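Have the viewer open and follow along.

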Amino acid sequence: FFTNEPGNTLLDRFKAVLKTVEFFDILVGYFRVSGFPQLYESFENIEKIRILVGLNIDKKTFQIIEASKLEEKLDFETHTRTKEIIGKQVIEEIEKSEDTREVEQGIQKFIEYLKSGKIEIKAHPSQNLHAKVYISRYFKEDRDFGNVITGSSNFSESGLVANYEFNVQLKNSADVKFALDKFELLWSEAVDISDYYVDTIQTKTHLNDK
């Protein structure tokens with residue numbers, strides 16, 4: 001169990017576990033890039049990271065996103081409005097984040113991973129998605145299939161180290177496969193928002209190449 005008490009944080013556990021992980025899947029109610037600067041070095045040797053979040057926007061916005069996927073040419077107003085809604089929380093978070101080199105490097109690395117395809121991020125249309133599940137799969141030649149950590153922590157600095165949380169790690173392969181099957185189903189229903197994250201951060205915050 002991991003409660004974020006001294007010497008028992010979820011961040012510490014991730015740093016230990018992710019050293020030998022090939023695939024890492026994250027299912028959370030909400031994702032905050034504030035958790036990324038502390039973990040991006042642990043992500044370097046992972047082949048693929050998938051992040052699935054609850055869609056914290058209204059039904060109409062979700063319909064706009066879905067429509068945009070089908071249109072060859074996006075209506076400028078619709079496209080702009082979609083990015084405004086999707087990016088609002090990202091902008092607010094970056095504006096409130098610590099103005100440090102470490103935070104900037106972490107967010108830039110997040111963008112780099114999104115652009116390269118190492119990280120994919122999707123939003124599920126259900127506003128009732130409150131699960132917090134982290135699925136690690138080891139390399140095939142490793143000792144076991146993988147592990148799953150589940151509990152109360154969202155992917156954020158608060159969830160990783162600051163808040164008092166309650167998370168448990170399961171190592172039985174049947175538990176890991178059960179969680180993975182559920183993740184795959186939700187992933188197939190979700191909307192890809194990787195490009196929205198990249199565009200929002202690089203054009204609407206101070207964290208850009210210029």
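## Ground rules

A contact here means heavy atoms within 4.5 Å. This is a predicted model, so local features need pLDDT of at least 70 and side-chain atom pairs count only at pLDDT 80 or more, while totals for chains, interfaces and linings use all residues. Residues are numbered from 1 along each chain as its sequence is written, and side-chain values use heavy atoms, with hydrogens and water left out.

Helices (H or I, at least four residues) and strands (E, at least two) are DSSP runs, numbered from the N terminus. Two strands pair if DSSP finds at least two bridges between them.

## The sheet

Let's start with the sheet. Seven strands make an open one, in the order β6-β5-β4-β1-β2-β3-β7, with mixed pairing. At the edges sit β6 (167-170) and β7 (191-192), each pairing on one side only. As background, strands of a sheet pair through backbone hydrogen bonds, either parallel or antiparallel.

Strand β1 has two partners to look at. With β4 it runs antiparallel, joined by six bridges, and Phe 23 has Arg 137 as its bridge partner in β4. With β2, β1 pairs in the parallel sense, also over six bridges; there Ile 26 stands opposite Ile 51. Seven of the eight residues of β1 are buried, where buried means under 20% relative accessible area, exposed over 50% and partly exposed in between (1.4 Å probe, protein chains only).

## Out to β7

Next comes β3 (residues 119-124), which is largely enclosed by the rest of the structure because five of its six residues are buried. It pairs with β2 in the parallel sense over six bridges, and Ile 119 is the bridge partner of Ile 49. On to β7: two bridges join it to β3, and the two strands run antiparallel. Ala 123 stands opposite Val 191, and Lys 122 is opposite Asp 192.

Is Asp 192 buried, exposed or partly exposed? Asp 192 counts as partly exposed, at 37% relative accessibility. It touches Glu 120, Ile 121 and Lys 122, leaving aside residues up to four places away in sequence. The C-alpha atoms of Asp 192 and Ile 51 are separated by 10.0 Å, although the two residues are 141 residues apart along the chain.

## Helices across the sheet

For the angles, axes are lines fitted to C-alpha atoms (for helices, over the stretch in contact), and angles run from 0 to 180 degrees between N-to-C directions. Helix α1 (residues 10-17) lies across β1 (21-28), β4 (133-138), β5 (146-151) and β6, at about 170 degrees to β5. Helix α7 (residues 173-189) lies across β1, β2 (48-54), β3, β4, β5, β6 and β7, at about 65 degrees to β2.

## Nonpolar cores

A nonpolar core is a set of buried Ala, Val, Leu, Ile, Met, Phe, Trp, Tyr and Cys residues joined through side-chain atoms within 4.5 Å. The largest one has 34 residues, and those with the most contacts inside it are Phe 14, Phe 24, Phe 31, Phe 43, Ile 51 and Tyr 134. Elements giving two or more residues to this core are α1, β1, α2 (40-43), β2, α5 (101-116), β3 and β4; α5 has the largest share, five residues.

Which residues does Phe 43 touch, not counting residues up to four places away in sequence? They are Leu 18, Phe 24, Phe 36, Ile 49, Tyr 113, Lys 118 and Phe 155. Apart from this core lies another, of 12 residues, among them Val 133, Ile 135, Val 148 and Val 176.

## Ring pairs

Rings of Phe, Tyr and Trp (its six-membered ring) pair if their centres lie within 6.5 Å; planes under 30 degrees apart count as stacked, over 60 as edge-to-face and the rest as tilted. The whole structure has six aromatic pairs. Phe 14 and Tyr 134 are edge-to-face, because their ring centres are 5.0 Å apart and their planes at 65 degrees. Phe 14 lies in α1 and Tyr 134 in β4, so this pair ties together parts 120 residues apart in sequence.

Phe 24 and Tyr 134 are stacked, because their centres are 6.5 Å apart and their planes at 20 degrees. Phe 24 is buried at 0% relative accessible area, and Tyr 134 counts as buried at 0% too. Phe 14, Phe 24, Phe 43 and Tyr 134 form one aromatic cluster.
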